[in-house]
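Reader: Could you walk me through reading a model like this one, feature by feature?
Author: Gladly; let us look at it together.

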Amino acid sequence: LTSREFHPTDTVVDVDGVKIGGEENFVTMAGPCSIEGLEQIMECARIAKNGGATILRGGAFKPRTSPYAFQGLEEEGLKYIRQAADKYDMKVITEVMDEANLELVAKYTDILQIGARNMQNFKLLQAVGKTGLPVALKRGISGTIDEWLNAAEYIAATGNQKVIFVERGIRTYETATRNTMDLSAVPVIQKLSHFPIIVDPSHGVGVWDYVTPMAVAGIAAGASGMIVEIHPDPNNAWSDGQQSLNEKRYMNMMEQIHVMENTM
Ligand code: PEP
Ligand code: MN
């Protein structure tokens with residue numbers, strides 16, 4: 001069901017009016033790594049919208065490497081991001097980490113994000129599939145494209161045809177970047193699957209200086225959109241500040257993205 005043999009034309013995922021895939025415009029999802037409070041997410045939404053993003057990102061359940069690191073505001077955060085998105089007429093994408101919180105997260109979001117660490121959590125994939133909501137499926141930290149396609153199949157097999165692939169970088173021997181952003185995944189997925197693919201240059205490289213060139217490279221490679229981390233004050237972000245763009249850098253990146261859009 002994920003294969004292009006099954007469905008030769010591009011699937012366009014309709015997120016309540018915002019369309020992702022096919023010949024549709026490049027879609028930008030922007031926002032903080034973590035929702036830190038109402039004021040912070042409101043400010044992020046203002047910045048995101050101003051640069052042209054139509055979908056607001058922000059984590060309320062955070063899959064942190066250390067159990068002692070900030071784990072997210074949970075339902076309080078979900079309420080804040082919904083409120084901020086509604087104020088700026090944006091859609092919401094947020095991560096669901098487990099089945100126990102799926103109903104709660106589904107109540108507030110427009111797109112369910114499956115994190116890299118859960119790409120092969122098959123029971124979770126089946127459960128999110130059954131909600132009927134669009135699902136953004138991040139590539140596993142060491143996930144092959146074949147494993148990723150099979151993960152998407154778990155979602156599609158529930159009857160859900162709203163899958164969005166997210167290339168977020170993979171683990172290699174390189175240490176200058178947090179992950180190695182595999183841009184070749186864009187044309188490879190497009191050849192093998194009818195579902196759209198977007199890029200996540202923030203986690204893809206993990207260093208803000210490299211985010212803009214990789215976002216531009218993503219659109220050049222033919223991605224249907226991107227998901228990017230921004231923060232009004234990256235130095236004081238509660239998570240992923242080192243890869244988050246401040247307002248000025250984000251606006252600068254979006255200018256370049258708009259130029260690319262008009263030349264493609
Ligand atoms: C995130 O989007 O903040 C995140 C935790 O991403 P990933 O699952 O790709 O590490
Ligand atoms: Mn993050």
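**Reading the ligand shell and the strands**

Author: The shell around ligand 1 divides into three nonpolar, three polar and three charged residues. Here Ala, Val, Leu, Ile, Met, Phe, Trp, Tyr, Cys and Pro count as nonpolar, Asp, Glu, Lys and Arg as charged, and the others, Gly among them, as polar. This is a predicted model, in which local features need pLDDT of at least 70 and side-chain atom pairs count only at pLDDT 80 or more, while totals for chains, interfaces and linings use all residues. Residues are numbered from 1 along each chain as its sequence is written, and chains are lettered from A and ligands numbered from 1 in the order in which they are written.

Reader: Which residues are around ligand 1?

Author: A residue is near a molecule if its C-beta atom, placed from the backbone, lies within 6 Å of it. Around ligand 1 these are Cys33, Gly59, Pro63, Gly115, Ala116, Arg117, Lys138, Arg168 and His203.

Reader: Why does glutamate 95 count as buried?

Author: Buried means 20 or more other C-beta atoms, placed from the backbone, within 10 Å of a residue's own. Glutamate 95 counts as buried because it has 24 such neighbours inside 10 Å. This residue lies in strand β5 (residues 91-95); strands are DSSP runs of E, at least two residues, numbered from the N terminus.

Reader: How many bridges join β5 to β6?

Author: Strands pair if DSSP finds at least two bridges between them. Three bridges join β5 to β6, and the two run parallel. Threonine 94 stands opposite leucine 112 in β6.

Definitions and conventions. Helix = DSSP H or I, 4+ residues; strand = E, 2+ residues; numbered from the N terminus. Buried ≥ 20, exposed ≤ 12 C-beta atoms within 10 Å, placed from the backbone.
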